[in-house]
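Reader: Please take a close look at the side-chain pairings here. Begin with the charged residues, then move on to the rings.

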Amino acid sequence: EIFKNTTVSVQYTMFRGVDLSRTRNANLSAPVTTTLTVYDGTTATSLPTTTTFTFQRFSNPRPLTSFQRISLFESSAKSQYHGLTFEFNKRFADRWQFNTSYTISNAKDDKPDQTSVVPGGGDDAKIAENQFDLTGEYGRSDLDVRHRFIFSAVYETGTFKHSENKVVRALLSDYVFTGILVAQSGTAYSALVSGDPNADGITSTDRVPGTLRNQYSTPAAYIVDLRAGRIIRFGERYRLSLFAEGFNIFNRSNIATVNNTLYATLSATAGPPALPLRLGPAAANFGTPRTFISGSPSFSFNSSYNREF
């Protein structure tokens, strides 16, 4: 406590996870190094460019030919989190209070997730890119938010005492104002190649060779919510509370996800001329907004290590 009703605190948090569960396809043959050329278009008359990428491509048939995928649930993943949080808070006194917190953190893992149970659906994105070699997965976590700042405040006007007029006192008494500001770094995403270039049967996890998992970030998010209320008293026992709320009052376009497909795998095409398996040109919309954050933080006073929007 640095002065009356006001405190400053510093908190360091470290989490280390070992033997975490993950889902892996155990029905894959050994991968074969395969080079794909980038073409300048998507038609049969497209011309090859000088850009090539090398993939570890799993060949057919599968070891157990009667099955396409065999999900193995194993404890082979790891994670690590470091976070330093600073808080500056004032307890409710003299009709007002505020909470302020800032967290700088770093979260890394090798994509642990044991909930991939629906092949071909959204669960596929939870699986590692190369399920035979997991070393390339360790890096920035999907949940990593490097910087997060929260400021929230409450102010109650109480009874207006600067007039003897009962009507004026009634009109200017018992207002409540609250607000919350959240500012945080963007979320992580990878540069992907669509069309399953490594032929493991999963189309949503193949990264552009030479890029790292979660190498890129969406833009930072800034959200301001305000709430104004009035308490109308009826005698000593009853009161009516009326509130108006505004979420993201500055109407900022806070991006939740972006278009993260940089290249597309194109199937082999019969001639003339015959084209082998290849990649189409780089997508012009890579990194552009796809979805936006809908809604804002609640008016509870969350510490900055609470990562929910």
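Author: A residue counts as buried under 20% relative accessible area, as exposed over 50%, and as partly exposed in between. Arginine 91 has 43% relative accessibility, so it is partly exposed. Keep in mind that this is a predicted model.

What does arginine 91 pair with? Its partner is glutamate 1, in a salt bridge whose closest N and O atoms are 2.7 Å apart. Glutamate 1 belongs to the segment before S1, while arginine 91 is in strand S4; the pair therefore ties together parts 90 residues apart in sequence. Glutamate 1 is exposed, at 64% relative accessibility.

Aspartate 109 and arginine 213 also meet in a salt bridge, at 3.0 Å from N to O. This pair links distant parts of the chain, 104 residues apart. Aspartate 109 is in strand S5. Arginine 213 is in the loop between strand S10 (192-194) and strand S11 (216-217). Here both partners are buried. They also belong to a network of salt bridges that includes Lys111 and Asp142.

Another salt bridge joins aspartate 144 to arginine 140, at 2.8 Å from N to O. Aspartate 144 has 0% relative accessibility, so it counts as buried. Arginine 140 is buried too, with a relative accessible area of 15%. The salt bridges in the model come to 14.

Charged ends also meet rings. That of lysine 78 sits over the ring of tyrosine 138, 4.9 Å from the ring centre. That of arginine 227 sits over the ring of phenylalanine 243, at 4.2 Å from the centre.

Now ring against ring. The count is 10 aromatic pairs. One of them joins phenylalanine 15 and tyrosine 81: the ring centres are 6.0 Å apart and the planes are at 45 degrees, so the pair is tilted. Phenylalanine 15 is in strand S1 (residues 6-25) and tyrosine 81 is in strand S4 (residues 71-93), so the pair ties together parts 66 residues apart in sequence. Phenylalanine 15 is exposed, with a relative accessible area of 54%. Tyrosine 81 is buried, at 13% relative accessibility.

Phenylalanine 58 and phenylalanine 132 form an edge-to-face pair. Their centres are 5.5 Å apart, with 70 degrees between the planes. Phenylalanine 58 is in strand S3 (residues 48-58) and phenylalanine 132 in the loop between strand S5 (96-109) and strand S6 (139-140), so this pair ties together parts 74 residues apart in sequence. Phenylalanine 58 is buried, with a relative accessible area of 2%. Phenylalanine 132 is partly exposed, at 41%.

Elsewhere, ring pairs link Phe88, Trp96, Phe98 and Phe151 into a cluster.

Which part of the chain holds serine 29? Serine 29 is in the loop between S1 and strand S2 (31-39). It is buried, with a relative accessible area of 15%. Its side chain reaches the backbone oxygen of proline 61 at 2.8 Å. A polar atom of that side chain also lies 3.4 Å from the backbone oxygen of serine 59.

Notes: Residues are numbered from 1 along each chain as its sequence is written. This is a predicted model: local features need pLDDT of at least 70, side-chain atom pairs count only at pLDDT 80 or more; totals for chains, interfaces and linings use all residues. Side-chain values use heavy atoms; hydrogens and water are left out. Rings of Phe, Tyr and Trp (its six-membered ring) pair if their centres lie within 6.5 Å; planes under 30 degrees apart count as stacked, over 60 as edge-to-face and the rest as tilted. Helices (H or I, at least four residues) and strands (E, at least two) are DSSP runs, numbered from the N terminus. Buried means under 20% relative accessible area, exposed over 50%, partly exposed in between (1.4 Å probe, protein chains only). A charge sits over a ring if NZ of Lys or CZ of Arg is within 6 Å of the ring centre and within 35 degrees of the ring normal. A polar contact is a pair of N or O atoms within 3.5 Å; within protein, one must be able to donate a hydrogen and the other to accept it, and residues adjacent in sequence count only if both atoms are side-chain atoms. A salt bridge is a side-chain nitrogen of Lys or Arg within 4 Å of a carboxyl oxygen of Asp or Glu.
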